[in-house]
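Morning, everyone. Please have the structure open.

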Amino acid sequence: MFFLGARMRIPFQVRRTFGVDRKVSTASRKPKVSVRAQGTSNPSVAVLGGGAAGLTAAYFAAVSGAKRVIVYERTSEAGKKILMSGGARCNVLPVSARVEDFVTESTPRKLKNIMASWNVERCREWLENDIGLELGIEHVTNKYFPLSNSSREVRDKLVEACLREGVDIRYGASVEGLRRVSDDGADGEAWSLLMRDCPDERVSVVILAMGGMSFPAVGTDGTGYVIARRDLEHDLAEPYPALVPLTGKHPGGEQLPGVSVNVSLECEPIPGGKKAGKKKKAKANREGFLFTHRGFSGPAVLDLSHNVVRSLVRTKGCSKGEDVEQSDADMIEVAVPSLVVSWSGESRDEWQERLAAPPGKALVATRLREGLPQRLADALLAEAGVYNDCKVADLRRVERLKLLDVLTKYRIPVDGHQGYRKAEVTGGGVPLDEINFQTMESLKSPGVYFCGEVCDVFGRIGGFNFLWAWTSGRLAGMSAAKLVSEKNQ
């Protein structure tokens, strides 16, 4: 089980144990814009998007033999989302990963096959030996971080590695669409990049790595989804905010912002819904639960939020490219899965024993405060209709049963979510069933490859989304280079 790490420094001893002997790069400057892309020849591989997946794809396309690789980055710098990761410390990998750590609506076997193309250990070796990062394990969270604790170092070294291999990066280069055109090559096909504010450009092969819609301030506005649907004829799994804080009222009508507690959180499917009888309850991998000014967050909530948000967004139809926050006004008559929490993670029997233990003159409130923060304990008493001055001996059976329900199977009153501005990632996207899982090439538009968040895959917090970016980017880059080589034969 992995937990969201606090913003702590990796202990020096741990860093030296798991690091390597190279010096850590202290480069924090904005990566230079490569000017070699301004030549007259057309690129063999055009990578749309300069995030983690796009830069990885460009790197592997170049080292796999593609002679002219260009990254088209619409903003003023690459890897902006990398800079925000892990509290600016950048948890680049989990220590281990399973297919169950990822979410997709596509055929699970396709995801399994893609992930089997690489593994955590080989990816770590690439980051250390080829990219030049020193990594260490933060044992409390089972995540790899750079020893510098700097996300900027990760971004800069990834960009530097691409430039070393001859990759060109164009900043402020916004690709708005793709159009298939005739080519002079043997297969007679190429792609025209429809550019904003500059002439269109012809390319042989395209890698679409434009990200999702989460954190739109860094330039992720869903253009990749538009291109995939409109120009490449893909049927998307409708995107939605994932790993996102939820909104709703706190227990007992209280305001509890800032209160945090370790819980056991489960998601129950919609009663009577499609396949509800066959679908198992989803359980959060982590325990941290945080009350916010608007509702609920923390690792446990983020782990399961997609179950609620996906149903809400799909029902209300508010995910098509808009950064929409949904609230109780949108929730009317919308059935969504339920989040059920056991506060403190203790069982019903354990709470029953605590509430029944002598002396009878002890306050029920005191018993709750033994296992919960005081503000939360008082709020749960109010939710159950038990007065703060009620003694253990005076607690009636009906009150005890109601209190036990509130303590161990409380249904979180979710009335919305905080939208793409607060979402860690975007769920949905290009289905893996419409992608060749051996190459990441589009099955509907050959010559175009997908990687990263634009695909119908995301991982839970803890380095899993980076692992997907590295793995899918590598596979797409190598495959694109191979296609270019075949075209040139």
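Start at Cys-455. It counts as buried, at 0% relative accessibility. One caution before we go on: this is a predicted model.

So where is the nearest cysteine sulfur to Cys-455? It belongs to Cys-451, and it is 6.8 Å away. A disulfide needs the two sulfur atoms within 2.5 Å. Cys-455 is therefore in no disulfide. How many disulfides are there by this rule? The count is zero. Cys-390 is another buried cysteine, at 12% relative accessibility.

Next, the aromatics. The structure holds 14 aromatic pairs. Take Tyr-59 and Phe-60. Their ring centres are 5.2 Å apart, and their planes stand at 85 degrees, so this pair is edge-to-face. Tyr-59 is buried, at 6% relative accessibility. Phe-60 is buried as well, with a relative accessible area of 8%.

Now compare Phe-466 and Trp-470. Again the ring centres are 5.2 Å apart, but here the planes are at 10 degrees, so the pair is stacked. That is why two numbers are quoted: a pair of aromatic rings is described by the distance of the centres and the angle of the planes.

Where do Phe-466 and Trp-470 sit? Both are in helix α13, residues 464-488, and they are four residues apart, about one turn of the helix. An α-helix has 3.6 residues a turn, so residues three or four places apart point the same way. Phe-466 and Trp-470 are both buried.

These pairs belong together. Tyr-59, Phe-60, Phe-466 and Trp-470 are among the members of a cluster linked by ring pairs, and the cluster also includes Trp-118 and Trp-126. Arg-474 lies over the face of Phe-60, 5.8 Å from the ring centre.

The charged end of Arg-354 sits over the ring of Trp-351, 4.7 Å from its centre. Helix α9 covers residues 348-356, and its buried residues are Trp-351, Arg-354 and Leu-355. Why are they on the same side of α9? Because they cover an arc of only 95 degrees around the axis. The face turned away from that buried side carries Asp-349 and Glu-353, both exposed. What does the buried side pack against? Its residues pack against strand β18 (338-343) and helices α10 (364-369) and α12 (397-408).

Helix α7 is next, residues 223-231. Its buried residues are Thr-223, Gly-224, Tyr-225, Ile-227, Ala-228 and Asp-231. After α7 comes Glu-233, with a positive phi, near 65 degrees.

Last stop, Arg-286. Look in the loop between β15 (282-283) and β16 (288-291). Is Arg-286 buried or exposed there? Buried, at 1% relative accessibility. Its partner is Asp-303: a polar contact of 3.0 Å joins the two side chains.

To recap. No disulfides by this rule. A ring cluster that includes Phe-60, with Arg-474 over the face of Phe-60.

Key: Residues numbered from 1 in each chain as written. Predicted model: local features only at pLDDT ≥ 70, side-chain atom pairs only at ≥ 80, totals over all residues. Heavy atoms only, no water. Buried < 20%, exposed > 50% of the residue type's maximum accessible area, 1.4 Å probe, protein only. Helix = DSSP H or I, 4+ residues; strand = E, 2+ residues; numbered from the N terminus. Arc of directions from axis to C-beta. Contact = heavy atoms within 4.5 Å. Phe/Tyr/Trp six-rings, centres within 6.5 Å; stacked < 30°, edge-to-face > 60°. Lys NZ or Arg CZ within 6 Å of the ring centre and 35° of its normal. Polar contact = N/O pair within 3.5 Å; in protein donor to acceptor, adjacent residues only side chain to side chain.
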